[in-house]
Amino acid sequence: KIRILGQFVTLAGTGVFDGEKLQGIKELYAASPKNKGNLRMSDGAIFFENTEKGNWKIWKIPEQGHIYSVGVDSATGESDDYSCIQILDIFEQEQVAEYYGKVDEDTLAVETMKSGRWYNNSPLIVEVTGGIGRSVQNQVMKLGYYNLYRRETGYDQFGQAISDKLGWETKGGRGDGGTKPMLLLDGKRYISNMGKIRSIETIEE
């Protein structure tokens, strides 16, 4: 089994991702983070504090004019499952930051909000399957951050997609309009195109 955005998927035979490509990405791009520490907030400003005990790994700080995507995979903080935030530079298709911690929903919401604001007010893509992510998402909005991903739920009379549900929901199969096949396809495409994954832990997982 592997864990993909909050769900464990059983894979038969070979892995879902190309092992040779992953090894190539590891050799080309994997690197120790340039900074490790915590995101802090003071008088409304977000700044980074270096400390070896921090849960944030930073490969690149935010760059003016760049667009980022913030993916959030939530856990309760009570089991052996850890919460994770991944930040991707859309222009460069490059992983620039990673948060990994065993924290409760409110703490994760604060970290999510701060990371979105620091990385140029980026859209937050919170995985909401199972309900934990919905709690995180709601708390993020209570903190005053509203740039959240909305998923398509149908089409209007003119054939335009209707995006009226907050959060990413991983469910279903290819034949019932589910999002899991799309998620796996996009992941395989990113690996095949040698996407720049910096975290050795992410590659190995």
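These are my notebook entries on one predicted protein model.

**Ground rules.** I'm working with a predicted model, where local features need pLDDT of at least 70 and side-chain atom pairs count only at pLDDT 80 or more, while totals for chains, interfaces and linings use all residues. Residues are numbered from 1 along each chain as its sequence is written, and side-chain values use heavy atoms, with hydrogens and water left out.

**Whole chain.** I looked up the secondary structure and got 5 helices and 11 strands. Both are DSSP runs numbered from the N terminus: H or I of at least four residues for helices, E of at least two for strands. Of the 205 residues, 38% are buried. Buried means under 20% relative accessible area, exposed over 50%, and partly exposed in between (1.4 Å probe, protein chains only). I also checked contacts (heavy atoms within 4.5 Å). Among those with a separation of 6 or more, 56% join residues 24 or more positions apart.

**Helix α1.** Which residues of α1 are buried? In this helix, residues 19–29, I found Leu22, Gly24, Ile25 and Tyr29. Seen down the axis, the buried residues fall within an arc of 160° (taken from the directions from the helix axis to the C-beta atoms), so they line one face of α1. On the face turned away from that buried side I noted exposed Glu20 and Glu27. At the helix start, a side-chain oxygen of aspartate 18 comes to within 2.9 Å of the backbone nitrogen of glutamate 20.

**Threonine 112.** I found this one in helix α2, residues 105–118. Its relative accessible area is 0%, so threonine 112 is buried. The side chain reaches the backbone oxygen of leucine 108 at 2.8 Å. Leaving out residues up to four places away in sequence, threonine 112 touches Val72, Ile85, Leu124, Val136 and Val140.

**Arginine 198.** Is arginine 198 buried or exposed? With a relative accessible area of 17%, arginine 198 counts as buried. I located it in the loop between α4 (180–192) and α5 (200–204). Its side chain makes a polar contact with the side chain of glutamate 94 at 2.7 Å. A polar contact is a pair of N or O atoms within 3.5 Å; within protein, one must be able to donate a hydrogen and the other to accept it, and residues adjacent in sequence count only if both atoms are side-chain atoms. Not counting residues up to four places away in sequence, Tyr29 and Trp59 are among the residues that arginine 198 touches.

**Isoleucine 90.** I ended in the loop between β7 (83–89) and β8 (94–101), where isoleucine 90 lies. Isoleucine 90 has 36% relative accessibility, so it counts as partly exposed.
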